Amino acid sequence: MTYLALRRARAIALACPLLIATPALAFDASGNEIADTFFEIFEAGKATVTGYDGVEEDGDTVTITGLRAAINDNGSKTEMTIATMSFEEGEIASGGGLTASAMSMNGVAIQSQEDGKDVNVTVAAIDIDDPVLPSAATVKAKASADAVAPSYSRAEITGILIDSGKEGKIPVSSVVAVIDEMDGELPTAGSLTVEGVEISAESLDAEERKTLTDLGYDKVVLGLSLEADWDPNTGALDISDLTISGTEAATLNASLKLNGLTREVFAKLEAAQGKPEEAMGIMQGLQVVSLSLRLDNESLVDRLLDAQAKESGATREQFVGQLSAALPMLLSAIGNPDFQKSVSGAATAFLNDPQSISATAAPAAPVPFAQLLGTAMMAPQTLPTILGVTVAANQD
């Protein structure tokens, strides 16, 4: 429920006009062209502007105060308030859309109810550079789609708190999304950074709380960063860096290069949402160019080994020795002796001195998904060789 609430909150906060069509406009016109166009775009979706305290214009800045809105989407009820919302250098596009040099919201509160559960999300501030909001007509024309995405060059959300009642609270310091390049309505290069996702023991159920506290944590603070570049003409996708980190825990880095994800393939995959078999068929033409994973331990692996050793009634050294001795037998199911030896050696070195462990796939030539799937079914032991997989421990 918490993830769904965050997704809904982000969508509403960043893309207020992205909601599907409803019949009539309910807002009272303010007389300000920028504000009224925004209200119209907003109400072209499943939202209703239930009120606002005022609209003021100061030079190139239009500010809406005390905005209140309600959204009813298939039985899910959401109420939203925004203390202040402003547009700098706002302009009405020829097609009825809305552009500005900047759009900001302060004091955002979202109360949502779904399946009888309440989720409250508060956001201190949302700042968006170069927003382009689609026209009300465009939103209505996309009635069969989940959303009509606005574009922007940079969006920052700060001071997020997700309150799921008995399921706990999760604060998030900030979310920053940067779009460096666009291809029509599709972002093709950019980055995403999420900082300060705080998972505390009190926000978890009894079993999860015990797992966390048994590892010696009262809370874990997570972060995420992503950088990606996509060429829709050639189909080359380069996720140059995906990093997930936990303070005093570990950092996981990943990178991925694919070929074959053209504009047409992307459109087919979007159309196949909710149809996994169809999506899998479409993905058969994609090719893996390279893939890498690296885990840098701060203290998480040590905590896990200590906890497992304690549970088994052994010292950590004894437990690591037992686990290392069992690795060759455990890995024998792979059926690739050379690869098994490599993995066993790296894993043993890491268990004895848990600094870092990495795996890299660098095939001599791009490998089609169809070949990987067929190999996984017919001769899985050859996959490490086909993909050129290497595993290493404690390397800089």
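Arg 303 lies over the face of Tyr 217, at 3.9 Å from the ring centre; a charge counts as sitting over a ring if NZ of Lys or CZ of Arg is within 6 Å of the ring centre and within 35 degrees of the ring normal. The model is a predicted one, in which local features need pLDDT of at least 70 and side-chain atom pairs count only at pLDDT 80 or more, while totals for chains, interfaces and linings use all residues. Residues are numbered from 1 along each chain as its sequence is written, and side-chain values use heavy atoms, with hydrogens and water left out.

A search of the whole structure finds 5 aromatic pairs, where rings of Phe, Tyr and Trp (its six-membered ring) pair if their centres lie within 6.5 Å, and planes under 30 degrees apart count as stacked, over 60 as edge-to-face and the rest as tilted. The pair of Phe 38 and Phe 87 is tilted, because the ring centres are 5.5 Å apart and the planes stand at 55°. Phe 38 belongs to helix α2 (residues 33–43) and Phe 87 to strand β4 (residues 76–88), so the pair ties together parts that are 49 residues apart in sequence. Helices (H or I, at least four residues) and strands (E, at least two) are DSSP runs, numbered from the N terminus. Both Phe 38 and Phe 87 are buried, that is, under 20% relative accessible area (1.4 Å probe, protein chains only). Ring pairs join Phe 38, Phe 39, Phe 42, Tyr 52 and Phe 87 in a cluster.

Strand β6 (residues 98–99) pairs with β9 in the antiparallel sense over 2 bridges; strands pair if DSSP finds at least two bridges between them. Thr 99 stands opposite Val 132 in β9.

Methods. Buried < 20%, exposed > 50% of the residue type's maximum accessible area, 1.4 Å probe, protein only.
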